[in-house]
Amino acid sequence: MNTTKNSQNIISDKTAKSISCVIPVYNDELTIEYIVNELIFTLENLKADYEIILINDGSPDRGGEIINKLALAHKNIKTIHHKVNLGYGQTLRDGFALATKKFIFITDGDGQYEMRDLNQAWFKVNERHAIIGYPRRRADGLKRIVVSKIYNTLCLLF
């Protein structure tokens with residue numbers, strides 16, 4: 001887990017432990033319910049003041065239906081539904097616009113990340129301006145790995 005030292009005073013107000021969790025959903029019908037339940041379990045154990053914002057980005061699967069069901073079952077869940085796929089960037093912007101808590105946590109709905117890893121970051125939020133987690137080993141397919149390597153190489157060249 002990488003952290004960036006906050007250049008300002010340490011945050012000490014009572015809202016410092018509030019968090020908005022923004023999760024884009026696209027073709028995640030097999031994983032989103034598990035991810036949200038794990039996130040709720042983690043946040044409840046941390047005694048966090050939280051909200052979860054699920055954004056269905058025009059997903060052609062049952063993702064939209066599943067997040068509606070989750071929102072009905074949990075008062076801390078908000079949903080946004082795009083009629084068509086607007087892309088990851090717009091989806092995040094829409095989630096950020098709806099966020100009301102002190103900190104924002106972003107994760108994907110595809111199940112690549114463990115929600116309990118938030119425990120490591122939670123105790124540093126008062127000391128840091130940003131906390132950025134990343135997987136040691138990515139679970140991407142060969143096509144994604146090749147495209148990523150080509151893109152990164154082009155960025156280094158130009």
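Guide: Lys101 is partly exposed, with a relative accessible area of 23%, where buried means under 20% relative accessible area, exposed over 50%, and partly exposed in between, using a 1.4 Å probe and protein chains only. Asp49 and Lys101 form a salt bridge in which the closest N and O atoms are 3.0 Å apart, a salt bridge being a side-chain nitrogen of Lys or Arg within 4 Å of a carboxyl oxygen of Asp or Glu. This pair links distant parts of the chain, since Asp49 lies in strand 3 (residues 49-57) and Lys101 in the loop between helix 3 (88-98) and strand 5 (103-106), 52 residues apart. Helices (H or I, at least four residues) and strands (E, at least two) are DSSP runs, numbered from the N terminus.

The model is a predicted one, in which local features need pLDDT of at least 70 and side-chain atom pairs count only at pLDDT 80 or more, whereas totals for chains, interfaces and linings use all residues. Residues are numbered from 1 along each chain as its sequence is written, and side-chain values use heavy atoms, with hydrogens and water left out.

By the salt-bridge rule the count comes to six. Another of these joins the side chains of Glu33 and Lys69, with 3.3 Å from N to O. Here too distant parts of the chain are linked, with Glu33 in helix 1 (residues 32-45) and Lys69 in helix 2 (residues 63-73), 36 residues apart. Glu33 is partly exposed at a relative accessible area of 31%, and Lys69 is likewise partly exposed at 46%.

A further salt bridge is formed by Arg116 with Glu114, whose closest N and O atoms are 3.2 Å apart. Arg116 counts as partly exposed at 47% relative accessibility, and Glu114 counts as partly exposed at 39%. Elsewhere, salt bridges that share partners join Glu29, Arg62 and Glu65 into one network.

To place these pairs in the whole, the protein chain has five helices and six strands, and from the N terminus on its elements run β-β-α-β-α-β-α-β-α-β-α. Of its 158 residues, 35% count as buried. Residues 24 or more positions apart account for 78% of the chain's contacts with a separation of 6 or more, a contact meaning heavy atoms within 4.5 Å.
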